Amino acid sequence: MEERTQLHWFEPWFFLFFGLFHLHRIWGLVDRRSYAAFWLGVLEERGPLYFCLMGLLAALCLGGLWAFFRHRGRNPWWRWLYVFGGGYVLWDLFAIAAGLGFWRELLNAMFDITSPFWNFLWGGFAVLGGGVFLLGLRLLRRAGAGSKEK
């Protein structure tokens, strides 16, 4: 029988939030121009939305990494998403904040509405978001079932 790993209160919310964050990219499949303009504007402006969003993303990723390392050797498969996905997000946030030139060029290429890869890129993020959101729902259900068992 599989040992149940302790589920921290924030873990389902981590996956639900990141799932929704990536699912919103469906907007980019529907209206490239407004999607790219909005996000490039957020990145350029660095207003309250930018700092709130970046702070929340960083806090969730750091919390996920904390949970992963706290349970070293006893992690279910989905906690590896904190290492790879969270590590990537923290790198992305650092590269944006530091103003790394090559990262800025990459972001500009990603938001190029004439790119033949647009649908593949943003569609892939949306599919990823759907899977991550479903994982969050599964963990939320497990958290609810665990509280009833006690």
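Residues are numbered from 1 along each chain as its sequence is written, and side-chain values rest on heavy atoms, with hydrogens and water left out. Because the model is predicted, local features require a pLDDT of at least 70 and side-chain atom pairs count only at pLDDT 80 or more, whereas totals for chains, interfaces and linings use all residues.

The protein chain contains 7 helices and 0 strands, where helices (H or I, at least four residues) and strands (E, at least two) are DSSP runs numbered from the N terminus. Along the sequence the pattern is α-α-α-α-α-α-α. Taken along the principal axes, the C-alpha atoms fill a box of roughly 55 × 30 × 25 Å. Of the 150 residues in the chain, 40% are buried; buried means under 20% relative accessible area, exposed over 50%, and partly exposed in between (1.4 Å probe, protein chains only). Phenylalanine 68, located in helix 4, counts as buried because its relative accessible area is 7%. The C-alpha atoms of phenylalanine 68 and isoleucine 113 lie 37 Å apart in space, with a separation of 45 residues in sequence.

The largest pocket holds about 650 Å³ of space. Its lining consists of 30 residues, of which Phe21, His22, Arg25, Tyr88 and Val89 are the closest to the centre. Two or more lining residues come from each of helix 1 (11–23), helix 3 (32–45), helix 4 (48–70), helix 5 (80–98), helix 6 (101–110) and helix 7 (118–149). Helix 5 gives the most, with 8 residues. A pocket is here an open set of points on a 1 Å grid over the protein atoms alone, where a 1.4 Å probe fits, with protein on both sides within 12 Å along at least five of seven lines; lining residues have an atom within 4 Å of a point. By class, the lining comprises 24 nonpolar, 4 polar and 2 charged residues, with Ala, Val, Leu, Ile, Met, Phe, Trp, Tyr, Cys and Pro counted as nonpolar, Asp, Glu, Lys and Arg as charged, and the others, Gly among them, as polar.

Helix 7 supplies the largest share of the patch, 3 residues. Leucine 134 is placed in helix 7 and counts as exposed because its relative accessibility is 56%.

Key:
Grid points are joined across faces, edges and corners, and a volume is the space filled by probe spheres set on the points.
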